[in-house]
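Notebook open, model loaded. I want to look up the fold first, then the helices, then a few side chains.

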Amino acid sequence: AIPEGKRSKINEGLDQISEVLFAFINLVMKLAPIGTFGAVAYSVGSSGSAVLIALTQLVLSFYAVVFLFIVVVLGLVARLSKF
């Protein structure tokens, strides 16, 4: 077993490491929209507006599949479980 003094030092060290990691993740999350805008702007600038049409089709297809999954698969599971 680890003595109480060493255990508290280990916990303090892990707390500091987790604070640094969460601060970094927070920074990445705040800067992600700017990076996304830059990537889309570059794609549209280099390939034209066809990229936006393809991206729109991809997003709409994703939402259609999610909707079908919710209605068909989860509906079937709910019906079979008499929910």
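My entries follow in the order I looked things up.

**Ground rules.** I am working on a predicted model, where local features need pLDDT of at least 70, side-chain atom pairs count only at pLDDT 80 or more, and totals for chains, interfaces and linings use all residues. Residues are numbered from 1 along each chain as its sequence is written, and side-chain values use heavy atoms, with hydrogens and water left out.

**Overall shape.** I counted two helices and zero strands (DSSP runs, H or I of at least four residues for helices and E of at least two for strands, numbered from the N terminus). The radius of gyration came out at 24 Å, well over the 12 Å that the globule rule gives for 83 residues, so the chain is more spread out than a compact globule. That radius is taken over C-alpha atoms, and the rule is 2.2 Å times the number of residues to the power 0.38. The C-alpha trace spans about 60 × 50 × 15 Å along its principal axes.

**Burial.** How much of the chain counts as buried? I got 0% of the 83 residues (buried is under 20% relative accessible area, exposed over 50%, partly exposed in between, with a 1.4 Å probe and protein chains only).

**Helix H1.** H1 covers residues 4–47, and at 1.5 Å a residue its 44 residues should span 64 Å; I found the end C-alpha atoms 62 Å apart, which agrees. The expected span is 1.5 Å times one less than the number of residues. There is a kink of about 40 degrees at Leu-31, shortly before the proline Pro-33 (the angle between axes fitted to the seven residues ending there and the seven starting there). Ala-32 also sits in H1, and at 34% relative accessibility Ala-32 counts as partly exposed. I checked Ala-32 against Leu-68, 36 residues along the chain, and their C-alpha atoms are separated by 29 Å. After H1 comes Gly-48, with a positive phi near 90 degrees.

**Helix H2.** H2 bends by about 25 degrees at Leu-74. Lys-82 follows H2, and its phi is positive, near 55 degrees.

**Aromatics.** My search of the whole structure gave one aromatic pair. Phe-62 and Tyr-63 form it edge-to-face, 5.5 Å centre to centre with 65 degrees between the planes (ring centres of Phe, Tyr and Trp, its six-membered ring, within 6.5 Å; planes under 30 degrees apart are stacked, over 60 edge-to-face, the rest tilted). Both Phe-62 and Tyr-63 are exposed.
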